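Here is a friendly walk through one protein model, sheet by sheet and helix by helix. Please keep the 3D view open as you read.

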Amino acid sequence: MNLLKKKAPKRNAASVLAITTSFGLLVGCASNGEQAGTSAGSASGSTSGKQVTLKVEVFDRGNSPAGMTVTNNLVTKWVQEQFGNPNNIKLEFIPVPRAQEVDKLNVLMASGDAPDIVFTYDPNVVYKYVQQGGLMDLGKLIDANGANLKSYLGADTLSYGKFDGVQYAIPAKRVYLGKYSSMIRQDWLDKLGLPVPKSTDEVYNTLKAFKEKNPGGSGTIPLGLSLAPASIEPIIWPFIKKTSDEERYTSMQLLGSGDRPTLMPGHKEGVKFLNKLFNEGLVSPDFALDKDKKKLQQDVMTGKVGMYAEDAGQSYGTAPDIIGILQKNDANAKVTPIDPYTNEEGKHAKPGYQPAGMYIMIPKTSQNGEAAIKYLNWMAQKDVLNRLTNGDEGKNYTLQDGIPVLKTDEDTKNLLYNAGDMRLVSNGLDLGDKDKNLKAMALAVPEALRKDAAIAYQNGLADGIPPLRFDRPIQAEVKYGKVLQDKYDELIVKSMMAKPADFDKAYDAALKDYLASGGEEIKKERTEAYKAMKK
């Protein structure tokens, strides 16, 4: 039964977790004897002469051009022609909403109906599937069919996909390690005669001026905010106090794809600052309902927002083209990248990414393991990665000092609108040099925005704090990670929306609930893991 189609719309978080709990029982049929997908008969279409259907997950962001879908577009057709047809493989792309990817993936895995290639950014999700016996051991398959993968990713990146010494996942290579960057309406600053804010205190004063003098007209939102990490984390992290390595390792908690400083000194002060902003009407009033940033992006594009934070570079030329659409709506609008939040040392502290990005997996229920690795191995070639990222030279891009520069015509935009989601093995185009990579990222946006984009990307890297990594996964994070993501969101919302006089009571109660829901167990296990690591 296809649970995604028939049941998913009615499922809540609890029912998804219930399905996932029973996942181990559902995959048992593929865990005895030879692993699915590794036998010669199931290797690829060319072995038996019978065409193989290779199912591949793809993120659906709801941004496909008219007449196209994420499962049927110019790139899917090209992939079929270039890889599928020569290998007698029919590619079938399975859409999963980006904002619900973990819940939907859990349903697909539990139902036994998962695609041959699936992925997630959350290492705890990977390890959960490992524990439940749901993933294929990819070691021998990569050795036999993954020479390009091994060469492109390298041993260090591949090591992030090893759990208990077994290669259960293929991490994509993360080229750029910055997470977030902030933006401000320069034309509003100019209108009010204000400087660009360069500290947290100056941010507050600027937001107050935006509210009081209303440069955006009716409906001005001084600070655009959503409940997504890209909105919340850039504000909270500069409040985190510098502590010992032991306290960092034991107090951080891995939720989703990154560390959360929930139990670190200074976290409460960061949330209190958010409470102040909310109670003074300086942030989006409906931020708590906006987990996928859609409302925030819409408010920015319609000219309501004075300042906001986004995933680094998200505002420039990607879908949605936030600044491009804003400037179509208001020709006088000018947006400047800034790095305004500061910690006690005057640094712009912010979280960064690890060098491994998305985790690509093959479910043990797959009958097409070899074909799946061949597809990823084909993708790991320099020319293929370039085509998936930039299209065809002359038609979609030109070379400038050896760096591809995209054209801005509609044909190119329609071709590459979801390039990052199709290029599974690389989170970003890797030109083999950090400076070239940064230059290439800036050159990939419309020419008028390249200078600002380069600054935004540099801001995303400045004073970045890489995530911590233990030699083994923390079992409590695997067990409670999804629940605690929701509990953390509750903590932020309840604490922010409390009256200032009730802040301590609201925050302490929410934190107590968070700790009782698994946070305390994570801290305890991390403490034990840290001691073992230091022996």
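## The sheet around β7 and β11

Strand β7 (residues 180-185) and strand β11 (residues 305-311) run antiparallel and are joined by five bridges. The model is predicted, so local features need pLDDT of at least 70 and side-chain atom pairs pLDDT 80 or more, while totals for chains, interfaces and linings use all residues. Residues are numbered from 1 along each chain as its sequence is written, and side-chain values use heavy atoms, with hydrogens and water left out.

Both strands belong to an open sheet of four strands, ordered β8-β11-β7-β12 with mixed pairing; two strands pair if DSSP finds at least two bridges between them. β8 and β12 (335-338) are the edge strands, each with a single partner, so one side of each has no neighbour in the sheet. On average, and with direction ignored, neighbouring strands of this sheet are turned by 35 degrees against each other.

## Helices on this sheet

Helix α11 lies across β7, β8 and β11 and runs at about 175 degrees to β8. Angles run from 0 to 180 degrees between N-to-C directions, with axes fitted to C-alpha atoms, for helices over the stretch in contact. Helix α15 also packs on the sheet, where α15 touches β8 and β11 and makes about 135 degrees with the direction of β11.

What lies beside α15 (residues 294-301)? The axis of helix α16 (residues 322-329) comes within 8 Å of the α15 axis, and the two cross at roughly 40 degrees. That makes α15 oblique to α16 (under 35 degrees is roughly parallel, over 145 roughly antiparallel, 65 to 115 roughly perpendicular, and the rest oblique). Q297, V300 and M301 of α15 meet I322, I325, L326 and N329 of α16, where contact means heavy atoms within 4.5 Å. Five of the contact residues are nonpolar, two are polar and none is charged.

## A second sheet

Strand β6 (residues 170-174) runs antiparallel to β14 (residues 356-361) through three bridges, and I170 has I360 as its bridge partner in β14.

## Nonpolar cores

The largest nonpolar core has 52 residues, and L223, L225 and I492 have the most contacts inside it. Such a core is a set of buried Ala, Val, Leu, Ile, Met, Phe, Trp, Tyr and Cys residues joined through side-chain atoms within 4.5 Å. Helices that each supply at least two of its residues include α11, α23 (475-497) and α24 (503-534). A second, separate core of 49 residues includes L138, L153, I170 and A371.

Is N418 buried or exposed? N418 counts as buried at 4% relative accessibility (buried is under 20% relative accessible area, exposed over 50%, partly exposed in between, with a 1.4 Å probe and protein chains only). N418 sits in the loop between α19 (410-416) and α20 (419-422).

N88, in the loop between α5 (74-84) and β2 (89-97), is not a glycine but has a positive phi of about 55 degrees. N214 has a positive phi as well, near 50 degrees, and is partly exposed with a relative accessible area of 35%.

Methods: Nonpolar A, V, L, I, M, F, W, Y, C, P; charged D, E, K, R; others polar.
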